[in-house]
Amino acid sequence: MAEAIRRAFVCGHPVEHSMSPAIHGYWISQHGLNATYEKIDVMPEDFPDFLEGLALAGYSGGNITIPHKETAFSNVRSKDEAALKIGAVNTVWLENDILCGTNTDWSGFAANLDEHAPGWDSCEVAVVLGAGGAARGVIYALIDRGISKIRIVNRTRSRADRLAGDFASNRGSELLVDDWAELQHALQTAELLINTTSLGLEGGDDAPNISGLPSSAIVTDIVYSPLQTPLLKAADSAGLKTVDGLGMLLHQAVPGFEKWFGVRPKVTPQLRDMIIEKLDAAS
């Protein structure tokens, strides 16, 4: 009897521009799997029923993207620690007919820095720009890697305060909140600067003033389109070490592929180059 096709998906609304099918399709081909990875646009009001019907539809699991991550968190029956702390699910799978969920953004963020800035987790002070959902995954990764001091800088102070409070039980990391007007003060001791906002993208080339950063600091942006964000351009001009956000996208995809298809894929330069070509063609 022929092996059944294993099916996975990315689900969002909209989902047309997702790079996930290209990433997973590449790995399916590389490993010669009898598998598919589909792009599915589901309206928010239909999403809970979509999750409920995964097994009947023959799916092993899939990726969840905007705006469904919080709804997925509420609807999966089993959540791991990362999902619980981050408060959102971006990867689901079926295990003994139970719908399970995790969030792999944090591990993708860490693996990206491991690849392009090895030793980054020896930094003592990290500054995080932003206090939204993306910042939650980044902060979870920083705490997991033992960064001793994490400063959150956000235009709305109350959101940053709430975020810091949510991670109060932080296994030794100290979380501090700075007003946006205090950014230069926060940067003076920063060894790692992470942008989790769309700062500089909506209005063109504006980027925060990073002149206060030490010359040894690492600067990374979780945005991957454009690959060189205004922040990274400013950091490059200042001679600082930079890491773009594409690696986070690639590495966060690894755990899900392994859950659905039973093979742990590798992020390679060839995969990165292929996705860059697709991003360039779409821009």
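Colleague: How many bridges join strand β1 to strand β3, and do they run parallel or antiparallel?

Modeller: Good place to start, and keep in mind that this is a predicted model. In general, the strands of a sheet pair through backbone hydrogen bonds, in either a parallel or an antiparallel sense. Here β1 (residues 6–12) and β3 (residues 59–64) run parallel, joined by five bridges. To see one of them, look at R7, whose bridge partner in β3 is Y59.

Colleague: What packs on that part of the sheet?

Modeller: Helix α12 (residues 254–261) does, touching β1, β2, β3 and β5 (91–95). The direction of α12 makes about 20° with that of β5. Helix α1 (residues 20–31) lies across β1, β2 and β3, and runs at about 175° to β2.

Colleague: What is the strand order of the sheet with mixed pairing?

Modeller: Follow β2-β1-β3-β5-β6-β4; this is an open sheet of six strands. Its edge strands, β2 (35–41) and β4 (78–79), each pair on one side only.

Colleague: And which order does the sheet with parallel pairing have?

Modeller: That open sheet, of six strands, reads β9-β8-β7-β10-β11-β12. At its edges sit β9 (174–179) and β12 (241–243). On average, neighbouring strands are turned by 20° against each other, direction ignored.

Colleague: Which residue in β9 stands opposite V153?

Modeller: D178 does. Strand β8 (residues 149–154) pairs with β9 in the parallel sense, over six bridges.

Colleague: Where does helix α7 lie?

Modeller: Helix α7 (residues 133–144) lies across β7 (125–129), β8, β9 and β10 (192–195), at about 170° to β7. Helix α10 (residues 230–237) also packs on this sheet, touching β10, β11 (218–221) and β12.

Definitions and conventions:
Residues numbered from 1 in each chain as written. Predicted model: local features only at pLDDT ≥ 70, side-chain atom pairs only at ≥ 80, totals over all residues. Heavy atoms only, no water. Pairing = 2+ DSSP bridges. Helix = DSSP H or I, 4+ residues; strand = E, 2+ residues; numbered from the N terminus. Contact = heavy atoms within 4.5 Å. Axes fitted to C-alpha atoms, helices over the stretch in contact; angles between N-to-C directions.
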